[in-house]
Amino acid sequence: MFVVNRMKAIRSTATMLGMCLDGDQAYLALRGARTVGIRLAAHQASGLVVARWLHARSIAPLASAAQREEGGSGAPVSPPHREGVRIGRVLHVGLDDFPGSNIWRRDAGGCNGLFSVELLDGAGAPAAPSAASRFTDALVAADPGLWRFGYSWGGVASLVVPAGTTTTQGPKRSARRWGGGALVRL
């Protein structure tokens, strides 16, 4: 009832703040909507290719430190990055061994290409947050035509950012506290 009684004031405020589309923006939104299904399917497929490639080179998350050092448990051992960084867990719901992927397969029609990668140090311990910045810097420097820093899905480049798990005020709000290594979001 409150909203109905205040609709005129809400509409006026939204208009003054520019919270409405002009004709050009509406046209662009409608133009993009026609192909969004095809683009998201390609985004999902590309993301899964990269996630599976990284996962095949990751250190198995359930392997013990001794198994990791020896390459035991049948899991591939991630080759060290030039700064001693290895791939730990690949956090993508489309991977078969991702926790809850069975629920996702049952309930969802697909996913996008956004996922995170945990970085470990050369010994297999969680890497410091600074490792994520070094990793993303090196990735973009290696192929700036393919990789860019950023959060926007508006371009054609693959995007990468260090995924901060803490702020200057302490840990970010989360359902669970992150206890792993530095995170990179692709």
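1. Let me start with Ala-132. Which residues is it in contact with, leaving aside its neighbours within four places in sequence? In this predicted model, the list is Leu-119, Pro-162, Ala-182, Leu-183 and Val-184. Ala-132 has its place in helix H7, and its relative accessible area of 3% means that it counts as buried, the cut-off being under 20%. Another pair to look at on your screen is Ala-132 and Gly-164: 32 residues separate them in sequence, while their C-alpha atoms are 8.7 Å apart in space.

2. Moving out to the helix itself, H7 covers residues 129-142 and packs on the sheet, where it touches E1, E2, E3, E4 (158-162) and E7. The direction of H7 makes about 155° with that of E4.

3. The sheet deserves a careful look. It is open and is formed by five strands in the order E1-E2-E7-E4-E3, with mixed pairing. Strand E1 (86-91) and strand E3 (147-149) each have a single partner strand, so one side of each is left without a neighbour in the sheet. From one strand to the next, the twist averages 30°.

4. How do the individual pairs run? E2 (residues 116-120) and E7 (residues 183-185) are antiparallel over three bridges, and here Glu-118 stands opposite Leu-183 in E7. E4 and E7 also pair in the antiparallel sense, over two bridges; Val-161 stands opposite Arg-185 in E7. E3 and E4, by contrast, pair in the parallel sense over three bridges, with Leu-159 in E4 as the bridge partner of Arg-148.

5. Next, the largest nonpolar core. Which of its 19 residues touch the most other members? They are Leu-119 and Leu-186. Helix H4 (36-56), E1, E2 and H7 each supply at least two residues of this core, and the largest share, four residues, comes from H7.

6. Not counting residues up to four places away in sequence, Leu-186 touches Val-50, Leu-54, Gly-113, Leu-114, Phe-115, Val-117, Leu-139, Trp-147, Leu-159 and Val-160.

7. From the N terminus on, the elements run α-α-α-α-α-β-α-β-α-β-β-β-β-β. Of the contacts between residues at least 6 apart in sequence, 57% join residues at least 24 apart.

8. On burial and surface: buried residues make up 26% of the 186 residues in the chain. The chain exposes about 12,600 Å², and carbon and sulfur atoms supply 60% of that area.

9. Finally, a word on confidence. The mean pLDDT of the chain is 78, and 77% of its residues reach 70 or more. Where does pLDDT stay under 50? The stretch is residues 61-81, for which the model has 33 contacts beyond four places in sequence. I would be glad to see this stretch mentioned in your text, together with its pLDDT under 50.

Technical notes: Residues are numbered from 1 along each chain as its sequence is written. This is a predicted model: local features need pLDDT of at least 70, side-chain atom pairs count only at pLDDT 80 or more; totals for chains, interfaces and linings use all residues. Side-chain values use heavy atoms; hydrogens and water are left out. pLDDT is the predictor's confidence in each residue, from 0 to 100. Contact means heavy atoms within 4.5 Å. Two strands pair if DSSP finds at least two bridges between them. Axes are lines fitted to C-alpha atoms, for helices over the stretch in contact, and angles run from 0 to 180 degrees between N-to-C directions. Buried means under 20% relative accessible area, exposed over 50%, partly exposed in between (1.4 Å probe, protein chains only). Accessible areas come from the Shrake-Rupley method with a 1.4 Å probe; for residues, only the protein chains shown count as cover. A nonpolar core is a set of buried Ala, Val, Leu, Ile, Met, Phe, Trp, Tyr and Cys residues joined through side-chain atoms within 4.5 Å.
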